[in-house]
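Dear colleague,

Please find the structure below.

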Amino acid sequence: MTEPTTPDAPSADPSSPGQAQTGAARPGPAPTGAPSAGAPPPGTPSAAGPARTVRLATMTAREYEEWVGGGSAVAILPTGAFEQHGPHLPLGTDAILSTAVATAVAEQTGAKVLEPFTLGYKSQQRSGGGNHLPGTLSLDADALIAQARQLIRGLLAQGVRHVVVLNGHYENTQFLYEGADLALRDLGLAPGAEQSVMLLSYWDYVSAPTLEVVYPDGFPGWDVEHGGVLETALLLHLRPELVHMDRAVSHPPAAPYRFDRLPVVPGRTPETGCLSAPDGASAEKGELLFTQTVADLAAELRTELGL
């Protein structure tokens, strides 16, 4: 899912994977509480009620026009991939998780959520197992850049104040950045413009204290968190019907090489397609991950965008 980074002290600031260590999220309110008994978790794509009210796809054109016309519209774009996640998780894991996080954040901030990008850039052997594995269907860089560019440009041109690109697939990162940058250039939006684009990945908001609970034997690093404990726990909390723990395989974490080799050497990817095992994943850990991450991410958007 992401490239290497290991948490230091709990007070460390979250930042992009590979740029700095993962730590506690920026100051914000305490994590939200657990969902009420029997209710679907906030942000669950299948949830009715509040989840519907934040989805742009369920609005009429007139409702959309009124929303944009208010002058403070914030749209969140979840992005993911169609990628194998081992024998126990669905191919759409990345988009399912980013959409759930985006929806819950929108419910807390008043933002609206776009339909997700369900295809992403090519899975890479050191972070996702590799684009050669069955079930993985990917976009070339130019396709993802063009898709991001055109959607972001359209939203801003219609008057959306801020677009938040909430990523759930590590390999997307730089191509989403390029698409956003080109969209801003197309519209002539220079530094200091009132409209903006924010790009972030939800795992950057998982705090060090949360990681200590989820990984009591030590966090193995984001470089091998693909089909492992984090994604499995989140789906056990959000969409347990999609998880097949009876098919999960326990094995040591992969030891990624420090370089990429093309064509890939298939034997360097674990047979499961997972870069680490989901040992110890549980719905309870998924609930902690979800509520803490959503609360801190929502706080970040309120602070940065004045929501």
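**Findings: a loop residue and a helix**

Leu275 is found in the loop that runs between α7 (229-238) and α8 (283-305); helices (H or I, at least four residues) and strands (E, at least two) are DSSP runs, numbered from the N terminus. The model is a predicted one, in which local features need pLDDT of at least 70, side-chain atom pairs count only at pLDDT 80 or more, and totals for chains, interfaces and linings use all residues. Residues are numbered from 1 along each chain as its sequence is written, and side-chain values use heavy atoms, with hydrogens and water left out.

With a relative accessible area of 2%, Leu275 is buried (under 20% relative accessible area; exposed is over 50%, with a 1.4 Å probe and protein chains only). Beyond its neighbours within four places in sequence, its contacts (heavy atoms within 4.5 Å) include Gln125, Asp223, His226, His251 and Pro270. His85 is 190 residues away along the chain, yet the C-alpha atoms of Leu275 and His85 are separated by 9.2 Å.

Turning to helix α5, its 15 residues (173-187) should span 21 Å at 1.5 Å a residue, and the 22 Å between its end C-alpha atoms agrees; the expected span is 1.5 Å times one less than the number of residues. Leu176, Gly179, Ala180, Leu182 and Ala183 are buried in α5. Seen down the helix axis, these buried residues fall within an arc of 165°, so they line one face of α5; the arc is that of the directions from the axis to the C-beta atoms. Their cover includes β1 (74-79), α4 (141-157), β3 (162-167) and β4 (196-201). Gln174 and Arg185, on the other side of α5, are exposed.

Kind regards
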